[in-house]
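Hello,

Here is the structure I promised to hand over. Please open it first, then read my notes below.

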Amino acid sequence: MQHDKVLILDFGSQYTQLIARRVRELNIYSEIHPFNNPPKNINDYKAVVLSGSPMSVRSEDAFHPDLSEIRGKKPMLAVCYGAQYLAHFSGGEVADSNTREYGRANLSFVAEDAFFKNIAVGSQVWMSHSDTIKSLPTKGKLLASTHDVKNAAYKIEGEATYAIQFHPEVYHSTDGKQLLENFLVDIANVNPDWTPNAFVQETVDDLQAKLGDDKVVLGLSGGVDSSVAAMLLHKAIGKNLYCIFVNNGLLRKNEFTQVLEQYKGMGLNVKGVDASARFLDALAGLSDPEKKRKAIGNAFIEVFDQEANLIEDVKWLAQGTIYPDVIESVSATGGPSATIKSHHNVGGLPDYMKLKIVEPLRALFKDEVRRVGASMGMDKDLLGRHPFPGPGLAIRILGDITAEKVRILQEVDAVFINGLRDAGLYDKVWQAGAILLPVNSVGVMGDERTYEKCVALRAVESTDGMTADWVNLPYEFLQKTSNDIINKVKGVNRVVYDISSKPPATIEWE
Ligand code: XMP
């Protein structure tokens, strides 16, 4: 089954990914491509959205998209920079606005038009621009204004071309989703039939066609992406999927056995490999964070390679790569900049393994991965798990790693995480964990003087880990957690809470 697709041409706005997500929330598949590296076959797309940009259309090196195959030929929605671009180079005028227009505004005029169906005067919109459209382009017809921005929305008569100065993709634009629906479904006639169930069905069909009777190996991490990728492949090829779950000894307390059981309960063909000792050996004496990461990455490759070699005639390596890892975005200085991350546990498999790569989640955002998992009936707890770094507790033990330090941190982390669950706070936090500091401090327990370890607790809110803020956990919770840790975990006599945001701090301490 083919779905209608929407093309989003990126001009480097921080909100471009949000546009794609909002469109997909309407059950419409959308793809982001850099404006200067568009897909070959524009006719595969039913409608086009032009994103915003940090660039000014008045700048000498303003971005000039080639719209010859698009404008007037298919429905187009131009947002912010897109709207200014259309105005400035087609007979209108864009000028510096005297005040930087940033934040909430309300529509003060709305024309009768299918574009504004169910959206009325007073509707809140989100502005973020320093240029303003002084006059509309040729054949431009005003559709909406706010108090400060007269030309907040317009269309081009005789074309299915619409332009808006505000950002419908941002939640603060309260009718933004309605506006996108009006444009895509009512005006562009896009069929909203891209649902999680449809995705599962089609992906399973595609995987079957692609893989046939071939064997596939996949490294499970206990995280959401690799687990959902495994379930999709399992549905498609059953026992020909060989999953390997490596215990690097740096997982959370009891995680290896618990998650392994959970995977087996899902019917997966999974082999648990306990290589803790090997990883600890590889880490011996290393304190530098990057050296630790490298040692863990190399040890993982060795173990994975050894295990994969035991699978006779395996042809494919499956990875849980998701869409944000593959999107090319336009940088503010021009030119597409690749933002491809290499996951430490899959990025560097030796070439001699000669495995072909299969990535069933390449087209999905994280929240979509969760929805696809839910539509396959996967466990809510598994799908809602906090992100956990590949190098595990090794980058939360500052300095060198010993078995005893790992034991202490696993205990502390378990008290903290279980406490969050018991207090109903786990799902309110994006990521949480404990950090073992290379600091001993003086305490007193009973009548004894102690000189023991200090741990830091970290809990953050975030959407993608790129920026984050510390969570305002209730004092009562922190008080209880601190007591529990110091009472239950031998070797710790002091607990602190990290109140740094990212940037300038990072989520992990190493
Ligand atoms: P930072 O510390 O950079 O972390 O703010 C952002 C997100 O990335 C995770 N992280 C890693 N994940 N290998 C991984 O697989 C790594 O080396 C690594 N370092 C950081 C971190 O847990 C957070 O979710």
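Start with Pro504, which is found in the segment after β20. Helices (H or I, at least four residues) and strands (E, at least two) are DSSP runs, numbered from the N terminus. A cis peptide bond joins Pro503 and Pro504, with omega about 10°. Pro503 lies in the segment after β20 (492–497) as well. The peptide bond from Lys502 to Pro503 is also cis, and its omega is near -15°. For background, most residues other than glycine have a negative phi, and most peptide bonds are trans.

Some ground rules. This is a predicted model, where local features need pLDDT of at least 70 and side-chain atom pairs count only at pLDDT 80 or more, while totals for chains, interfaces and linings use all residues. Residues are numbered from 1 along each chain as its sequence is written, and side-chain values use heavy atoms, with hydrogens and water left out.

**The ligand**

Which residues surround the ligand? They are Arg293, Pro389, Gly390, Pro391, Ile395, Trp430, Gln431, Gly465, Lys502, Thr506, Ile507 and Glu508. A residue is near a molecule if one of its heavy atoms lies within 4 Å of it. By class, this shell has five nonpolar, four polar and three charged residues. Ala, Val, Leu, Ile, Met, Phe, Trp, Tyr, Cys and Pro count as nonpolar, Asp, Glu, Lys and Arg as charged, and the others, Gly among them, as polar.

Look at the ligand's oxygen atoms next. A polar contact is a pair of N or O atoms within 3.5 Å; within protein, one must be able to donate a hydrogen and the other to accept it, and residues adjacent in sequence count only if both atoms are side-chain atoms. An oxygen atom of the ligand is 2.5 Å from an N or O atom in the side chain of Arg293. A polar backbone atom of Gly390 is 2.9 Å from a ligand oxygen. For a polar backbone atom of Ile507, the distance to a ligand oxygen is 2.7 Å. On its own, the ligand has 500 Å² of accessible area, and the protein covers 73% of it. Accessible areas come from the Shrake-Rupley method with a 1.4 Å probe; for residues, only the protein chains shown count as cover.

**The second largest pocket**

This pocket has a volume of about 570 Å³. Of its 19 lining residues, the closest to the centre are Phe199, Glu202, Thr203, Asp206 and Ala363. Two elements give two or more residues to the lining: β2 (29–34) and α4 (196–211). The largest share, seven residues, comes from α4. By class, the lining has eight nonpolar, three polar and eight charged residues.

How is a pocket found? On a 1 Å grid over the protein atoms alone, a cavity is a set of points where a 1.4 Å probe fits but cannot get out, and a pocket is an open set with protein on both sides within 12 Å along at least five of seven lines; lining residues have an atom within 4 Å of a point. Grid points are joined across faces, edges and corners, and a volume is the space filled by probe spheres set on the points.

**Buried and exposed**

Buried means under 20% relative accessible area, exposed over 50%, partly exposed in between (1.4 Å probe, protein chains only).

Why is helix α2 (residues 81–88) largely enclosed by the rest of the structure? Because seven of its eight residues are buried. These are Tyr81, Gly82, Ala83, Gln84, Tyr85, Leu86 and Ala87.

Leu361 sits in the loop between β16 (356–358) and α10 (366–375). Leu361 is buried, at a relative accessible area of 0%. Leu361 and Pro34 are 327 residues apart in sequence, and their C-alpha atoms are 21 Å apart in space.

Strand β5 (residues 93–110) holds Ser97. Ser97 is buried, at 6% relative accessibility. Its side chain reaches the backbone oxygen of Ser130 at 2.8 Å. Thr99 is in strand β5 too. Thr99 is partly exposed, at 49%.

**Positive phi**

Asn118 has a phi near 65°, a positive value in a residue other than glycine. Asn118 lies in the loop between β5 and β6 (124–135) and is exposed, at 61%. Lys139 also has a positive phi, near 65°. Lys139 is in the loop between β6 and β7 (140–146) and counts as exposed, at 57%.

Best wishes
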